[in-house]
Amino acid sequence: MFYREAGQFKTSYAADMAVFPLRQDRMVVYLFLLFAFIGMPLLARFNIGVFGQDYIFNGILIPLLILSLAAIGLNILTGYCGQISLGAGAFMGIGAYAAYNISLRVPGMPLLFFILLGGGVSALVGILFGIPSLRIKGLYLAVATLAAQFFFDWVFIRVGWVTNYSSSGSVNAPQLNFFGWVAERPIDRYLVCLLFVTIFAILAKNLVRGNLGRQWMAIRDMDIAAEIMGIRPLYAKLTAFAISSFIIGVAGALWAFVHLGSWEPLAFDIDKSTQILFMIIIGGLGSILGSFLGAIFILVLPIMIDLVPSAFGVQVSVQTVTNLNFVIVGALICALLIYEPRGFARLWGIAKEKLRLWPYPY
């Protein structure tokens, strides 16, 4: 009864094309952002509940935000443009190591530019590896991006210049100094990640709703028909690779600089690529919201499974908990893909449609 659009009149084209046409949706988003930007820091400042613990930021919220950003980037390429990619981890690594090398060789530049330039280098490499998409698609393109993953895994380990000739292969991020503000505390690093994710999510949402996003979806649905309609596959596919790789590269720089602080090449291996791919499949292909929902499922559910036995006083070995994680997460993924292949985003959409009609059955 409270989720209705009765009385909400659209008197302009902008109001009709708004991202959140219903007032209730806008209020929920505003309240969520208000809590995320102001409520969470206040709870952490006064040590209220679990929000006063560093683990909630270092172990859950910061990686959740960064992986959500990487999922948004991959969703643009795979979900909206239909180009399957198995190299998201490699492009995260490119963004991280590019930002690291720029910070070493261009001293004095603000840290924000390091992160954005790391994303720019990742975008250039993404365009290079996106060129084969003009001739191949489907699983063949997935194999090409998988080759990029293996190639850059080799580069990160074997090319000494990338790691500044570190004997162990491990490198350290510079101090998180944003125009004089040093993000040292977990809550500070959380706010940095939250700001990046919020800005890029808004930009991505508006981008996929515009002319370029419609070109991507036309290429995804039927590329031959899209070309007949006047859409240039070269432009559409390469822009999807560039923008996707840029966002993933920024996520990789944040993962290295803000979350890890010190990392080695294995931080961006094939496991990271498959993890991000599962996020967008489970959350929902072609949905910005689905990127967040998939990241929550993949990252938070194993933590909850790990905490449940101890909450009931049951002592379970680490090996058993690990195996339970694989079994439960795998079973839930299979069940979700069987009953709703379009992921959690579609389930959320169905719930909203039913809520708008409730209590009527039609």
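The paragraphs below treat the nonpolar core, a cavity, a pocket and some backbone angles in turn.

The model is predicted, and its local features are described where pLDDT is at least 70. Its largest nonpolar core holds 96 residues, of which Phe-57, Tyr-190, Trp-216, Phe-257, Trp-263 and Phe-268 touch the most other members. Helix H3 supplies the largest share of this core, 17 residues. In soluble globular proteins, nonpolar side chains tend to be buried together. Tyr-190 illustrates how parts of the chain meet: apart from neighbours within four places in sequence, Tyr-190 is in contact with Ala-36, Met-40, Phe-57, Leu-61, Ile-62 and Leu-65. Among these partners is Phe-57, itself one of the core members that touch the most others.

How many cavities of 30 Å³ or more are counted? The count comes to one, and the largest cavity has a volume of about 30 Å³. Its lining consists of Leu-74, Leu-77, Ser-85, Phe-91, Phe-241, Ser-244, Ser-245 and Ile-248. By class, this lining has five nonpolar, three polar and no charged residues. H3 and H10 each contribute at least two of the lining residues, and H10 gives the most, with four.

The C-alpha atom of Leu-141 is separated by 7.2 Å from that of Ser-85, although the two residues are 56 residues apart along the chain. Phe-241 is touched by Leu-141, as are Gln-83, Ile-84, Ser-133 and Ile-136, when residues up to four places away in sequence are not counted. Is Leu-141 buried or exposed? Leu-141 is buried because its relative accessible area is 0%, and buried means under 20%.

Among the open spaces, the second largest pocket has a volume of about 470 Å³. It is lined by 17 residues, and those closest to its centre are Gln-275, Ile-298, Leu-299, Pro-302 and Phe-326. Helices H3 (54-80), H10 (233-260), H11 (270-283), H12 (288-311) and H13 (318-339) each give two or more residues to the lining. H13 gives the most, with six residues. The lining of this pocket divides into ten nonpolar, five polar and two charged residues.

H11, one of the helices in that lining, can be checked for its length. The buried residues of H11 are Lys-272, Ser-273, Ile-276, Leu-277, Met-279, Ile-280, Ile-282 and Gly-283. An α-helix has 3.6 residues a turn, so residues three or four places apart point the same way. Just after H11, Gly-284 takes a positive phi of about 135°.

Which residues other than glycine have a positive phi near 60°? Asn-164 has such a value, and so does Tyr-165. Asn-164 is placed in the loop between helix H6 (139-158) and strand S1 (171-172), and Tyr-165 lies in the loop between H6 and S1 as well. Asn-164 is partly exposed, with a relative accessible area of 38%, whereas Tyr-165 is exposed because its value of 61% is over 50%.

How values were computed: Residues numbered from 1 in each chain as written. Predicted model: local features only at pLDDT ≥ 70, side-chain atom pairs only at ≥ 80, totals over all residues. Heavy atoms only, no water. 1 Å grid on protein atoms, 1.4 Å probe; cavity = no way out; pocket = protein on both sides within 12 Å on 5 of 7 lines; lining within 4 Å. Points joined across faces, edges and corners; volume = space filled by probe spheres on them. Nonpolar A, V, L, I, M, F, W, Y, C, P; charged D, E, K, R; others polar. Buried < 20%, exposed > 50% of the residue type's maximum accessible area, 1.4 Å probe, protein only. Core = buried A, V, L, I, M, F, W, Y, C linked by side-chain atoms within 4.5 Å. Contact = heavy atoms within 4.5 Å.
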